[in-house]
Amino acid sequence: MDFSVPMALVDFIPVILFLFSAILLQRDLYNKMSKGAFALLASGTIMIFSAGALKALWKLLYAANVCDFERLSAIFFPLQSLGFLLAGLSLVAMLTVKQGQGTLYSAAVPAVFSGTMIFVAMTCLGAAAFCGSLAIFAGKKKKGGLSVLYVLSFIMMLAMGYLSSKDFDKASMNWIAEGVNVLGQGLFLLANYLMHKAGMEAWKIND
């Protein structure tokens with residue numbers, strides 16, 4: 001593994017971008033979701049952020065020759081995939097189920113296996129539901145351009161998921177993966193920021 005300290009520091013950028021996106025989403029969608037659905041959104045986004053932060057920390061420790069705390073990297077895929085699944089389910093519930101303050105929704109959480117295919121499936125389905133629901137919501141509010149941004153960010157997330165599953169020996173390939181990740185999270189944050197500026201907090205789901 002060819003990690004440098006600058007590369008490891010760059011890995012924190014998409015993590016921070018996603019954190020800002022999660023804060024905007026939680027703020028704007030809080031009054032539109034049941035307590036259970038919002039709990040899924042909050043839990044899912046926290047898991048996604050934590051997964052990215054822990055992996056970035058592992059890269060930094062490794063690049064700085066402090067230690068190879070491999071468990072920080074190993075937890076990334078399971079934690080992120082489950083986070084995307086929960087966040088995606090929360091937005092699907094918001095768009096398809098009548099939300100009430102006293103209603104609690106629960107999700108069946110898949111068992112965790114040692115193989116990677118279950119995590120690939122969870123990440124793909126969760127990211128599709130997460131970005132797709134936001135794209136649909138933007139489209140319903142006549143914000144087609146923002147729907148495109150969500151679709152592009154989803155494509156970048158899929159590309160990053162593919163790249164992160166590969167073991168690269170060349171630093172150039174790792175830099176490409178970092179660039180894709182930063183671009184994807186940058187597009188996602190831009191879409192959420194523009195939705196926020198357009199007044200998403202005051203929008204109604206079924207209007």
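This is a predicted model: local features need pLDDT of at least 70, side-chain atom pairs count only at pLDDT 80 or more; totals for chains, interfaces and linings use all residues.
A residue counts as buried when its relative accessible area is under 20%, as exposed when over 50%, and as partly exposed in between (1.4 Å probe, protein chains only). Residues are numbered from 1 along each chain as its sequence is written, and side-chain values use heavy atoms, with hydrogens and water left out.

**Aromatic pairs**

- Rings of Phe, Tyr and Trp (its six-membered ring) pair if their centres lie within 6.5 Å; planes under 30 degrees apart are stacked, over 60 edge-to-face, and the rest tilted.
- That rule gives six aromatic pairs.
- Phe-18 and Phe-188 are stacked, because their ring centres are 6.2 Å apart and their planes sit at 10 degrees.
- This pair links distant parts of the chain, 170 residues apart: Phe-18 is in helix α2 (residues 12-29) and Phe-188 in helix α8 (residues 171-197).
- Helices (H or I, at least four residues) and strands (E, at least two) are DSSP runs, numbered from the N terminus.
- Phe-18 is buried, with a relative accessible area of 3%, and Phe-188 is buried too, at 0%.
- Tyr-150 and Phe-188 make an edge-to-face pair, since their centres are 6.0 Å apart and their planes at 70 degrees.
- Tyr-150 belongs to helix α7 (residues 144-164) and Phe-188 to helix α8, so this pair ties together parts 38 residues apart in sequence.
- Phe-18, Phe-84, Phe-130, Tyr-150 and Phe-188 make up one aromatic cluster.

**Nonpolar cores**

- A nonpolar core is a set of buried Ala, Val, Leu, Ile, Met, Phe, Trp, Tyr and Cys residues joined through side-chain atoms within 4.5 Å.
- The largest one has 34 residues, and among those touching the most other members are Phe-130, Tyr-150 and Phe-188.
- Helices α2, α3 (35-63), α5 (76-96), α6 (117-140), α7 and α8 each give it two or more residues.
- Its largest share, seven residues, comes from α6.
- Apart from it lies another core of seven residues, including Phe-77 and Phe-119.
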